[in-house]
Amino acid sequence: MKKYKPPRLGQKLFTLTFPTSERRYFTEGIEEAFELKVKEKGCACALLWYWKEVLFSIPLVLFTNLFWGITMFSNYLKIAFRLIKRKKLFSFVNLLGLTIGLASSFLILLYVDFELNYDKFHKNTDNIYRVYMHQPGNLVRGSSTDLWVTTPPILKPTWEKELPEAEKIANINFYDVVFKKDELLLDESVLFADPEFLEIFTFPLIYGDPKTALNEPFSLLLTEQTAVKYFGKENPIGKIIPTSGEHQYKVTGVLQNIPKNSHLQFDYLGSFNTLYTLFDRDWETTNWLNNGLDTYLTLGPNVDLKQFDEKLRKYDVEGFSGQTWTFHVQPLKDIHFNRATRGQGDIRYIYIFSAIGLFILLIACFNFINLSTARSATRVKEVGVRKVVGAYRRQLARQLMGESFLFTLIALVFSLISVIVILPAFNSLIGKELSLFTFLNLKLILGIIGITFFVGLISGSYPALFISSFQPVRILKGHFKISSRGSRLFRNALVVVQFALSIIMIVSTITLYNQLHYIRSKKLGYEKNHILTFYTRGINRLALKRDLLEKPEIMKVSYSSGLPTRIGWSNTPAWKGKDPDDNPFFYRLSVDYDFFDIYGLEMMKGRKFSQELGDRGNAYILNESAVKSLDFEDPIGQPFGFWKITGTVVGVVKDFHFESLHKPITPLGIGILDSRNFSNVSVKISSQNISSTINHIKKTWERLNPRYPFEFSFIDQRIDEMYRTEQKMAAGFNYFALIAIFIACLGLFGLASFITEQKTKEIGIRKILGATAPKIISLLTKEFILLLALANFFAWPLAWLGMNQWLKSFAYRIDLSVVSFLLAAVIAFFIAMLSVSSQFARATRTNPADSLRYE
Amino acid sequence: MKILSKLEENVLLVILKLEDNAYIVTIKTTLEKYLKKNISFGALYLSLNRLTRDKYLRTEIGDPTSQKGGRAKKYYRITREGVLKLKEVHTLQRKMWGDFDKLSDKILEKR
């Protein structure tokens, strides 16, 4: 006869119901009974019976066990709450420390989660890739990378035919369109994309059909916020948006707003066909160097990336400079952090902030450990009595662990509240849009639970082990001395670690600020005050200049292709004796006669451009780096040009920093009066009556170019913008360093109050014997000073290593100075002393008669 | 004085009846046979546990049997205290039920 087995799951549940000691007999029992049932009534009946047994047994047994568990638990809870009530200061310090620690680590968790989840909201994130080109010898402007995220139009049709692995391919291209809204012109950046775009990426539509929305030329999808801007809340499908030109766009869909953690950010999504119609250039040339598009594709789930990459070798082309240029694909999820392909994220900041979060958490945990072991003196009696009455050590440990978890849970509630309150401020600080709710996913919840659990466990572990080890006989006889050597050593070690971490963070903050100050105050080589800039947008340049200069506060007006903060244009230079295979890239700037004066650029050799001497497109000025890279002995009079020689060098300008100080100065060639490219206006104004001057400029603009809104920025603002990341980072760092040292001091404060309590008698006796207050204070603080010194000893080398690493990312940087280390030590010392001295001072003020009388 | 629940009382009685063969399965099946209703393992566990704790039962790990995979069973034996307790319950019950026939007949005859 076939032997029937009871159901697996049922068996599991059944065994779990009973306590370990009884489990075996009962599982065997139910199996035996099951076999009987099978024989008696058959399999199906027996199975039903089995499940009934299991389901009836579970609640019965569990309830009874739980009941006693809860009774004990409620006792623990009662004791814990009594402790909180009785020792208000201790509890407050503990809770505050834990709350701040948890809150700051949650903020950091939110930030890290946001960054790490970049582009992960797409359904097939793992299969999406972006095409990039490796172009040896062709450096991307202003960087040291030769990887270009750009593809030729021919790539898509070719790959679609020849590469079956590539399931869907979509080209995209950003292009500026001037839309007309009522009478206003809006110059907007539109993302033009193939119909496959909406299949590859998950950008859900509110209105419209994703399958057809991008088919017709001049189809336009708006994001929700943009749609509201144009049409309010109504369904805009089929509505027309005119442009400044002859074309008009038809709205075919509305997208949900683009998640902030997408590397593709757009408000308008147009059909790629539009571009074909707009520019009847020959799009499908055979030229594989006709770059300019971005291409995304999905690969099948089983495609081996390496093999696919090898297949792409078929499409290698010869680049401008003779080297082989190659195509590659990169996974979507790598885009954000890949600096080589201009990813916006920086994985280093993720590491740094995670480390800070961990530091702060550890400091908060150590606080708890320190305070509760210190406090344990007051609890020895409780422990002794519990043990005498029959508590196992395990039960005591569980109780103490439970207390730390209770504290952590209370802190969790407070910290979540404070995170919600602080988040807007934090967002503006770091320039992101984090939210506890929109990003509340399972992982984040697990993260929060994990952190809370970690904190509870770490901070509960030592007290639980330590306090539960007391021997009841010794406690109750009264011979017990809490400050045993080992535990004091341990506490001191924790204080040292706390302060070492704090000092590291203070040093880092100081260094960060120094470096940023250095950057901001470093002579960039050009004038940056009171210069206002805006785009020309096709304004009548002569009229603008004439009208502006009417106002005496406006000193100079200059047109140029770029600004010292953003040249944004580069070309291959031509000079005499150029090797045809050597094609370096020079930054290129085209200016008018006033440019050098307005920015106060200084000349090394030769002269500035001069109207009198008739410089017109045939004169060039190079910067020092360019002269160096071209190896000119005497640059003046050398023939020079871009693409081909068109003039001569008339002067050499001193190097100025036209890029962020992360990068060294690179070659620059400045030409004159190439007015086609004059897209920027720089206006030098006097420092008086600035607002009326700006008003004048605005009025002039509105008169000459009424259809565009007037938007301007000061040049020094633009410089600041280049260091936005560093500044945000510094600000974030600053606050977290403050928090760290604050929590550490909370702990110190608690410890100091504990020590004074313990030493009440000693202080009293010393006072009676004639000790002065300073003497007593120095006696008490001696130990703390020693600890701080030790903390410095450990912190300095670590801080030095870390900061050195960070500074290396700047081409122009400060040297790490001893001063910042000393300053950090002094700050830590003062704050620490401030927090302990109040307690010690109180101790010395008490009347010895009071402190000694109580026995 | 501890009060036995009805189930505990019955469990004790069954174990008494089973003599040497009282282990979880026999206890359960016998009980169910007498009471004509299902007694879950969970309920049985609780009663057995309580009775053992109160010293009305003692347990004994039996010799490994040949038929049941060689595993030992846990046998329950009633103790002296257990028997005394049952006796006590029994006398109590007898007193309570003593005049039952007479009184019940009186009510039933009235109808």
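## Packing of α4 and α11 in chain A

In this predicted model, α4(A) and α11(A) are roughly antiparallel to each other, a class that covers angles over 145 degrees. The two helices pack at an angle of about 160°, with their axes 9 Å apart; axes are lines fitted to C-alpha atoms over the stretch in contact, and angles run from 0 to 180 degrees between N-to-C directions. The crossing of α4(A) and α11(A) is left-handed, a term used if the near helix is turned anticlockwise from the far one by less than a right angle, with right-handed used if clockwise.

The contact of α4(A) with α11(A) comprises 18 nonpolar, 8 polar and 2 charged residues, where Ala, Val, Leu, Ile, Met, Phe, Trp, Tyr, Cys and Pro count as nonpolar, Asp, Glu, Lys and Arg as charged, and the others, Gly among them, as polar.

## Packing of α24 and α25 in chain A

α24(A) and α25(A) are also roughly antiparallel to each other, packing at an angle of about 150° with their axes 10 Å apart, but here α24(A) passes α25(A) in a right-handed crossing. Among the residues that α24(A) brings to this contact are Ile776(A), Leu780(A), Phe784(A) and Trp796(A), and those that they meet in α25(A) include Phe821(A), Phe829(A), Met833(A) and Phe840(A). By class, the contact of α24(A) with α25(A) has 15 nonpolar, 4 polar and no charged residues.

Chain A has 26 helices and 24 strands, taken as DSSP runs numbered from the N terminus, with helices (H or I) of at least four residues and strands (E) of at least two. Of the 855 residues in chain A, 36% are buried; a residue is buried if 20 or more other C-beta atoms, placed from the backbone, lie within 10 Å of its own, exposed if 12 or fewer, and partly exposed in between. Among contacts in chain A between residues at least 6 apart in sequence, 81% join residues at least 24 apart, a contact being a pair whose C-beta atoms, placed from the backbone, lie within 7 Å.

Not counting residues up to four places away in sequence, Ala740(A) touches Phe359(A), Ile360(A), Ile363(A), Leu501(A), Ser502(A) and Met505(A).

## The loop at Asn235

Asn235(A) lies in the loop between α7 (224-231) and β7 (240-242) of chain A, and is partly exposed, with 13 other C-beta atoms within 10 Å. The C-alpha atoms of Asn235(A) and Gly253(A) are separated by 9.0 Å, the two residues being 18 residues apart along the chain.

## Contact between chains A and B

In chain B, 14 residues are in contact with 17 residues of chain A. Both α2 (24-35) and α3 (41-53) of chain B supply at least two residues of the side that touches chain A, with α3(B) giving the most, 5 residues. That side of chain B has 6 nonpolar, 3 polar and 5 charged residues.

## Conventions

Residues are numbered from 1 along each chain as its sequence is written, and chains are lettered from A and ligands numbered from 1 in the order in which they are written. In this predicted model, local features need pLDDT of at least 70 and side-chain atom pairs count only at pLDDT 80 or more, whereas totals for chains, interfaces and linings use all residues.

Technical notes. Two residues are in contact if their C-beta atoms, placed from the backbone, lie within 7 Å. Angles under 35 degrees count as roughly parallel, over 145 as roughly antiparallel, 65 to 115 as roughly perpendicular and the rest as oblique.
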